[in-house]
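Subject: Structure for your review

Dear colleague,

Please find below the structure that I am handing over to you. My notes on what was found in it follow directly after it.

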Amino acid sequence: ESLIGTFANIGSNKFVQLSDGRYVFASGSTLHIYNPISKVQTSRQISVWIEEIKSVGTTIYFRNYNSVYSLDLSQSNSSEVTIVSNLGQDSRIPAFDVVGTTVYYYSANYITNVKKIYSKTGNSTPVEVYDNGNENDNLS
């Protein structure tokens with residue numbers, strides 16, 4: 001019953017299924033992890049409020065207002081890894097995606113209206129994929 005209540009109160013961008021079959025629901029800064037085989041639900045507190053979550057294998061990727069993180073859930077004692085750190089007070093990350101080991105994130109500066117898309121693989125420097133300059137476009 002608590003699993004249904006958890007699922008009913010979150011959006012679809014806060015729910016993923018891992019490759020091992022477990023379900024992960026994000027609610028605020030809490031991860032609810034449900035194993036449908038053992039019927040066990042556990043919770044894990046993380047350091048940031050989650051706005052969106054994705055998964056590759058047993059690793060989840062999540063973002064808050066201006067950062068992107070990962071967490072390997074194959075090990076119970078793993079720590080959050082910062083992939084994209086705080087972009088600054090005038091910028092936000094309204095969306096991101098993960099393809100293989102590459103994270104793509106959309107950066108928007110609400111003062112200058114500059115919108116960019118970057119890709120980042122591992123510890124490499126982010127690579128700019130798109131820049132709208134100061135023009136108004138359909139990315140939002």
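The largest nonpolar core in this predicted model has 15 residues, and those with the most contacts inside it are Val24, Leu31, Ile53, Ile60 and Phe62. A nonpolar core here is a set of buried Ala, Val, Leu, Ile, Met, Phe, Trp, Tyr and Cys residues joined through side-chain atoms within 4.5 Å; buried means under 20% relative accessible area, exposed over 50%, and partly exposed in between (1.4 Å probe, protein chains only). At least two residues of this core come from each of β2 (23-27), β3 (30-35), β6 (59-63) and β7. Strands are DSSP runs of E with at least two residues, numbered from the N terminus. A second, separate core of ten residues includes Tyr61, Phe96, Val98 and Tyr118.

As for conventions, residues are numbered from 1 along each chain as its sequence is written, and side-chain values use heavy atoms, with hydrogens and water left out. Because the model is predicted, local features need pLDDT of at least 70 and side-chain atom pairs count only at pLDDT 80 or more, while totals for chains, interfaces and linings use all residues.

Beyond its neighbours within four places in sequence, Ile60 is in contact (heavy atoms within 4.5 Å) with residues including Val16, Leu18, Val24, Leu31, Ile53 and Ser70. Ser70 itself belongs to strand β7 (residues 68-72) and is buried, at a relative accessible area of 10%. Among the residues that Ser70 touches, not counting those up to four places away in sequence, are Thr59, Ile60, Tyr61, Phe62 and Val81.

Turning to strand β10 (residues 102-109), seven of its eight residues are buried. Strand β9 (residues 91-99) runs antiparallel to β10 and is joined to it by seven bridges; two strands pair if DSSP finds at least two bridges between them. Val99 stands opposite Thr102 in β10. The hairpin of β9 and β10 has two residues between the strands, and Gly100 takes a positive phi near 65° there.

On pairing with strand β11 (residues 115-121), β10 is again antiparallel, over seven bridges, and Tyr104 stands opposite Ser119 in β11. Five residues lie between β10 and β11 in their hairpin, where Asn113 in the turn has a positive phi of about 65°.

Yours sincerely

How values were computed: Helix = DSSP H or I, 4+ residues; strand = E, 2+ residues; numbered from the N terminus.
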